[in-house]
Amino acid sequence: MKVAVVQFPGSNCEMDTVRAVSRVLGVTPSLVWHKERISPQTDLVILPGGFSYGDYLRAGAIARFSPVMISVIEFARAGGLVLGICNGFQILLEAGLLPGAMLPNNCLKFVCKWVHLRTERSDLAFTRETKKIIRLPVAHGLGNYFIDQNGLAQLEANRQIVFRYCDEKGEATEEANPNGSVANIAGIVNEAGNVLGMMPHPERAVAEELGSTDGAEVFSSVASFLLTQKAS
Amino acid sequence: MRITPEIVAEHGLSPEEYEKIKEILGRDPTITELGIFSVMWSEHCSYKNSKPLLKTFPTTGPQVLQGPGENAGVVDFDDRFAIAFKIESHNHPSAIEPYQGAATGVGGILRDIFTMGARPIALLDPLRFGDPKNPRTQHLIAGVVAGIADYGNSVGVPTVGGECYFAPCYEGNPLVNVMCIGLVEKEHIVRAVASGVGNLVFYYGNPTGRDGIHGATFASTELTDESEEKRGAVQVGDPFMEKKILEATLELIAQGAVVALQDMGAAGLTCSTAEMAGRGGMGVCIDLDKVPQRAENMTAYEIMLSESQERMLGVCTPEQLPIVESILAKWDLKAYVLGQLDDSGMMKVLHRGEVVACIPAAKISEDSPVYVRKGKRPSYMDNLPDATRAELPPTKDFENIILEFLSSPNVCSKRWIFEQYDYMVQTQTLTGPGNNAAVLKIHDSNNALAVSTDGNSLFCYVDPYEGGKHAVAEAARNVACTGAEPLAITNCLNFGSPLKEDIFFQLAEAVRGIGDACRALGTPVTGGNVSLYNETPESAIWPTPVIGMVGKIAPPARPMKGQFPGPNRVILLVGSACKHLGASEFLRWRTGLAWGPCPPCDLEVEKRVIGFLHELACQRFVASAHDCSLGGLLTTLVECLLWAEDDNLGMEVHLVSKTERDLVAELFGEFTPRVVLSVPEIEVSHVKKLAEEWNLPMQLLGTTTSTGQMVIKSEFTRISLATSLLRSAYESIRSIFPDVSNQLAMH
C-alpha cells in the first residue's frame, strides 16, 4: 500500500499523519512537497492539517493553486482515494473536489477539544471499520461547514454526509456541535465516495495514551478496502 | 546630526552613560551609534540593574549542557536528545496592543529555541491581568489569548500549559510571559558564536520595515498614557513566515550549512550583529543597502533598530552559501549576504557608501553599565493584616462559599483559555493544560518530559524571599507529581522599577529565594528574562517571578496523573497541617486584601517530597498525585475529582481538625508541601511505609466513591455537594465574563 502525505508550506500535521499511518498500517507514507506531483501508483493521498500558506486570504484558498493540486485533482477524478483532514478538508472545498464552504466557528474562536462523531455510513473505503460512535479531537478556527438548503438536500439524498458531531449517546444535538456546522456536519464525501474531507483529526487518536484509538479505524478501513479491491 | 543632551535623554541614556560611549569610541557617536548603544544598554538587552543579582544564581550541574548567555538553556535528556528551553516576557507590547503583543512574544521565543537547532515542541503561557470586571481587562484577555492561539496554532507548536491569575496590581500592566521547549539532537546544538575570518553574514526572513523601532527601550520604561502613542513600537507577527524560517533553519542545521545563527529579536539587526561578533571575538562589516526593506527611504538608524519580526541572521562559509541558497529557495526564501566577518574586532556598518557606525563589538556588551542598586524593606511588609487573627466565616454556610470560591476568577477552570490553544499538535501530549504539569512523550525516546510554569505573586508580595523559594518549589512539585525528576529552570522576573529602593528589595529578595531553592533542589538556572519597570502611574505590580521547570520521566518511572482514576481508591495527604490562612487566595478573595504571614518554605521537606513522589512513580500500581497550592486542600480535592470527567465519581473525606478555625485553615490554607494521593487500598500500607522512609507525615483522608457526591466530614460540619454542581461552578466563567453565556465562551 502506497500512501502519500502532501506537504504545503504551513502544513503542520504532516509528520503526525505520517507517524499515525506508519503505526496503524506498518507502511511509511511518502511526503510529497507541494511543488511536486503525486505518483500515479499511489493508493491513498492525504492532505494534512495545518495552516497552508498561513491560511491567508481564506483557509485553503492559496494552497489549491499549488502545483501538486493539479495531480491531486487528476488522481481524485480517476477514482483515487483522497482524505483531507482539517486544513486538508478546507483545501478540498476550495479546489472544488467537495461542495460547500467553511465559515469561522460560530463562537469566533479557535477550538481544540475532544468531540464525539456519529459515523453515518460504513460502506465507504474510509469507514468500513469505524464504529458507529467515535471520539476524536478537533482543532480549528474555521470549521463551521456551510452549504445552502438545496446543497444540503443533495448531500442528504446522495448520502454524502459521513460524520456528524454528536453527544456520547450519538445524538446530533446543538450542544455537541463545536463550531456551528450546518446539520452538525463534521465530514463529507464526494458523490463517487473516493474523496473524504473531515475536520476532526484521526491521526491524533491512534494510541490509548493520547486519549483514543478511534482514529486508527479510518486508516485501517482504507487498508482493508484496498485489500478486498485487489483480491477481487 | 549633532547629538544634544535632549537626544541622549530621549534614548533613555544617562549623561554618564553617554560619556562612557564617547570614551569607548574616542569621539562623539553618530546618531546610528547612539541608537545602537541605547538599545544594547537597555535593561532588556544589558540587564544593567539586575546583573549583580543574576550572577548569584546556581547555573551548573551535570545535566546542564548550556547555561545562561545563549539564546536558550539546554539540559541533557537521554542518549540522543537534549532539551532547549527559555521563558520571555512581552508585557509592555501586550498592554498597548494585546493581540500583536502576545503573538510576537510567541514568535520571539520560538525563534530563540529553533536558533539553537531545536524543534519547538511545546509552549506555556503564564498570564497576569487586572480585575476581570474592568472592560479594559476583558479587551486585554481576549486579545492576548487570541494572539497566542493564532500564532502558536499556526506554527504548529502545542500550547500545553501556563497560568492565568487576576489581581488589581496588574491593571494597566498585564504580564504576558511565554515559555518554549525544544528538542534537539545533542550533536546539532548550534550556538550564536560567529567564527572564521571571511565567512559570510547572511539575512533571511521578512524584509525590514519601520515597525518596532525602539521596542527594547520601550520595554524598559514605565507605562504612561503616552505609551498608547508608542503603538508604532509594537511589531506585527506573521506566523506563516515563522513556520517557513523554522523549517528552513532546521534544514540548514541538519545539512551542516551554517557556522552560527542568531534571530533578530529585541533590538533587531543591532543586537544580533553585535552579540554574534562580540561573543566570537570577531569583527563584522555589514552593508545596510543589502538589507531587504519594505519601507522606502529608511535611514541607517531605522534599519539597525527595526524590530520587524521573523528575521534571521546566519554565518556560513563561502562554500556553504550555495547550499544555504538552495535550502532557503525550497521554502521560497532568499539569502541576503550583508557582509563578512573579519578580525578587526569592530562592528562596522555601511549605508549608501558611508560608514554610519564603527564600534568595538565586544565593548558594547563587556563595557555595558552595571548598577548595584540599593534596596530597602518596604514598610507595607510590616503592616499586613495578620491571618492568624483573621475573622473567619462560620462553617454552616460552607457549601455556598465553596461553590462561589470555585467559580472565582483565580480558582475556576481555565478551559475557556486553553481550548483556544491547539495543545495536541505533534501528538506528544500525554497530559495537556489544566493539570499539575504538562507531560509529553517524546517520539523516538523512552523518556517523557514534564514541564510547568509557576509563581505565586501574592506570596512574593507578602514575603519576596519565601515567595521566591515557593515559586521554584511549587514548579518542582508540580513536575514531580507527574512522576518526573525536576532538571532545571528558566525564570522570568517581572518587577517594578529597580530604581525604587523598595522594588529593588523585592527583586533582590526574590532572586535570593530562587537561588536558594535551586541549590537545595538541584535544579540550576539555565537562563531567563528580566522584565522591570512594570508600573503604571498608580502603582507597581506585585513582585512576580515566574519559574519554568522541566523534568524527565525515565523508566522505570511512569507518568502519573492528577485526577482520581476511579472509585474505591484510598485518598491520602502527604505533608503537615496548615496552621493559618496567611497569603491565601481564600482570604484575598473574601477581603480583597493580602494577608500575612507567608507560609514558610522548608526546602529540606520539599526535597524529600520530590524524592518520595519519584519513587511512587516507579511503583507498578497506578497512583494519582496532585499538589495543594492556590486555593488550598479543598481546591485540590475538587480538581482531583473533576479532572476525572465523570460526574458519577465522588469522594468521602474525614478531617480531624480540633477547632472550627483549624478546619478552615486546613481546607483553604496554602502551607506546602502538601500532596493529595489516591492509591489502591491494597497498597496503602506500602505507601505509608514509603512516606515513613522519607520522613514525611501522611494522613488518611478518605476514599473515592461512585455516589457522584463530595462529602467532607468533620466534628463541626458535614459538607455535601454533588460532583455535577462542583463542575458547573468550577467550569463557570461568569466571574470573568459576566456578559457572555457559558456555552458560547466555552466552545
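# Reading sheets, loops and cover

Student: Which residue in strand 19 of chain B is the bridge partner of B:I489?

Tutor: The partner of B:I489 is B:M549, in strand 19 of chain B. Bear in mind that this is a predicted model.

Student: What holds strands together in a sheet, and in which senses can they pair?

Tutor: Strands of a sheet pair through backbone hydrogen bonds, in either the parallel or the antiparallel sense. Here, strand 17 (residues 485-494) and strand 19 (residues 544-553) of chain B are antiparallel, and nine bridges join them.

Student: What is the strand order of the six-stranded open sheet in chain B?

Tutor: Reading across this sheet, the order is 14-15-16-19-17-18, and the pairing is mixed. Strand 14 (429-431) and strand 18 (525-531) of chain B are at the edges with a single partner strand each, so each has one side without a neighbour in the sheet. On average, neighbouring strands here are turned by 20° against each other, direction ignored.

Student: Which helix lies across strands 17, 18 and 19 of chain B?

Tutor: That is helix 19 of chain B, residues 501-521. Its direction makes an angle of about 175° with strand 17 of chain B.

Student: How many bridges join strand 8 of chain B to strand 10 of chain B?

Tutor: Four bridges join them, in the antiparallel sense. One residue pair to look for is B:D263 with its bridge partner B:M312 in strand 10 of chain B.

Student: To which strands is strand 7 of chain B joined in antiparallel fashion?

Tutor: Strand 7 of chain B is joined by six bridges to strand 10 (residues 311-316) of chain B, and by four bridges to strand 11 (residues 336-342) of chain B. On the strand 10 side, B:G205 has B:R311 as its bridge partner. On the strand 11 side, B:Y203 has B:Y336.

Student: Is strand 7 of chain B mostly covered or mostly uncovered?

Tutor: Strand 7 of chain B, residues 200-205, is mostly covered, with six of its six residues buried.

Student: How is a single residue judged buried or exposed?

Tutor: A residue counts as buried under 20% relative accessible area and as exposed over 50%, and is partly exposed in between. B:L603, in helix 21 (residues 603-617) of chain B, has 14% relative accessibility and so counts as buried. A:I62 has a relative accessible area of 33%, so A:I62 is partly exposed.

Student: What is in contact with B:L603, leaving aside neighbours within four places in sequence?

Tutor: The residues in contact with B:L603 are B:K469, B:D516, B:A517, B:A520 and B:L521. B:A517 is 86 residues from B:L603 along the chain, while their C-alpha atoms are separated by 6.5 Å.

Student: Where are cis peptide bonds found in chain B?

Tutor: One joins B:P555 and B:P556, with omega about 10°. B:P556 is in the loop between strand 19 and strand 20 (569-574) of chain B. Another cis bond runs from B:T672 to B:P673, with omega near -10°. B:P673 is in the loop between helix 23 (660-668) and strand 23 (675-680) of chain B.

Terms used:
Residues numbered from 1 in each chain as written. Chains lettered and ligands numbered in written order. Predicted model: local features only at pLDDT ≥ 70, side-chain atom pairs only at ≥ 80, totals over all residues. Heavy atoms only, no water. Pairing = 2+ DSSP bridges. Helix = DSSP H or I, 4+ residues; strand = E, 2+ residues; numbered from the N terminus. Axes fitted to C-alpha atoms, helices over the stretch in contact; angles between N-to-C directions. Contact = heavy atoms within 4.5 Å. Buried < 20%, exposed > 50% of the residue type's maximum accessible area, 1.4 Å probe, protein only.
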